[in-house]
Every structure is written in structure tokens, then in C-alpha cells.
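Dear colleague,

Please find below the structure that I am handing over to you. My notes on what was found in it follow directly after.

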Amino acid sequence: MDRAAVEVLVRSAAAGDQDAFDELVARYSGLVWAVVRAHRLGDADAQDVFQTTWLRLVEHLDRLRDPRAVGGWLATTARHESLRLLRAADRTRPVAADELDLADESRPASDAGLLGDEQRAVVWAAFDQLGERCRGLLRLLMADPTPSYEEVGAALDMPIGSIGPTRGRCLGQLREHLRTRGITPSTRYSG
């Protein structure tokens, strides 16, 4: 979608066009999720940040300085909201386990079926060995639809010119971590 079309969507949404707003959500949800997930929030916190980001957009739709850059605005807002939540969590008082209403541990995690595959676990373990900057960048670049470099730069506070070279170094590190686990480009994956 070109920037002029994005501007039309933003202006239509600001004027109350629900279809235009829904299209913005469809277009940028992947980007917002990628930014939120890059901060390694729990599921409930990630959902809160995702919803808060869209709420902030509704609150500021008619005041965006550059409506064509709404993707970058969303990425930046998601990053700020994620960091705000992480800072607030640092100030939270720990509670004894017997004071908590703990979840039933006998139930499988909601994502157990998705992460059960051994090969995926190895890939994610290698991914987790990457530095925070690499993990965040690669997660953003895997978002669907793929965000523009302008949006990625805004999300990570990274110059656009360094995104490509950094991505290359991160992928090289990931390949090396995979190689040490016995996974090479010739390894076949089953799903």
C-alpha cells in the first residue's frame, strides 16, 4: 500500500469511517504484534499493549502530524507502551505463592501444540541466543505484512541505513547458532 493510500485511510478513519479504521488494523496488526512480542511480554500484557496501542491511535487519529507515517507512529507507540509496562512491572511488589490464585498447572499451555515440534524448539533456542536487538529486528521483519524499513526504524529507534546490514549480521549469528545444534541449510524441516 503506498503512502498516499495510507493517508486517505487515516483521514477517513479520523472522519469516522469504520471500514477505513478496520483496514488500518488489518494492515498494521502484524507490525504492532511484532513490536510487542519483541519485548517478551506475557500473553496478557502483550494483549494489553496491543489494545492500548490501537486506543492511542483512536485518541490521536485527527492529530497525527504525518498520516502517511501511521505505521511508524504505531510501532513507536507499541514500543513506548511495552517499555512503560515493563517499567511498571519492575515496581511491582512480589507476592508469596500462597497468596496467588494460581492457574491449573495440569492444563496444557495454550501454545503447547504449536511449540511441541522438536525442530522448532531448536530453532527458537538458537533464536533466543541472539542479542535483544537482533531478536527484535528479526521479529519485526517477520511480521505479516512486512513493515517498511521506515516503520522498523521507528519501532527500534534504528537508522534506516543500518537495518539491512544489521539484519545480515543477525541472520549470520542465527545460522551459526543453528549450525552448532546440528542444523544446516541442508537439514529438512517437517513443518
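**Salt bridges**

Glu81 and Arg84 lie three residues apart in helix α4 (residues 70–90), so about one helical turn separates them. Helices here are DSSP runs of H or I with at least four residues, and strands are runs of E with at least two, numbered from the N terminus. Please note that this is a predicted model, in which local features need pLDDT of at least 70 and side-chain atom pairs count only at pLDDT 80 or more, while totals for chains, interfaces and linings use all residues. Residues are numbered from 1 along each chain as its sequence is written, and side-chain values use heavy atoms, with hydrogens and water left out.

The side chains of Glu81 and Arg84 form a salt bridge at 2.9 Å, N to O; the term denotes a side-chain nitrogen of Lys or Arg within 4 Å of a carboxyl oxygen of Asp or Glu. Glu81 is buried, with a relative accessible area of 9%, whereas Arg84 is partly exposed at 39%. Buried stands for under 20% relative accessible area, exposed for over 50%, and partly exposed for values in between (1.4 Å probe, protein chains only).

In total, the structure holds 11 salt bridges. One of them joins the side chains of Arg40 and Asp128, with an N to O distance of 2.6 Å. This pair links distant parts of the chain, 88 residues apart: Arg40 is in the loop between α2 and α3, and Asp128 is in helix α6 (residues 118–128). Arg40 is partly exposed, with a relative accessible area of 46%, and Asp128 is partly exposed, with 38%. Another salt bridge pairs Arg63 with Asp62 at 3.8 Å, N to O, and both of these residues are exposed.

**Disulfide**

A search of the whole structure finds one disulfide, defined as a pair of cysteine sulfur atoms within 2.5 Å. The partners are Cys134 and Cys170, whose sulfur atoms are 2.1 Å apart. Cys134 belongs to helix α7 (residues 132–141) and Cys170 to helix α9 (residues 163–180), so the pair ties together parts that are 36 residues apart in sequence. The torsion about the S-S bond is about -75°, so the disulfide is left-handed. Both Cys134 and Cys170 are buried.

**Backbone geometry**

Most residues other than glycine have a negative phi, and most peptide bonds are trans. A cis peptide bond joins Asp144 and Pro145, with omega about 0°. Pro145 lies in the loop between α7 and α8 (149–156).

**Surface charge**

Which residues form a negative surface patch? They are Asp17, Asp19, Asp22 and Glu23. Patches are made of residues with over 30% relative accessible area and no salt bridge, where like charges are joined within 9 Å and nonpolar side chains (Val, Leu, Ile, Met, Phe, Trp, Tyr) within 5 Å. Asp22 is found in helix α2 (residues 18–38) and is partly exposed, with a relative accessible area of 38%.

With kind regards

Notes:
Areas by Shrake-Rupley, 256 points an atom, 1.4 Å probe, with all protein chains shown as cover. Lys, Arg positive; Asp, Glu negative; His and termini not counted. Charge placed at Lys NZ, Arg CZ, Asp CG, Glu CD.
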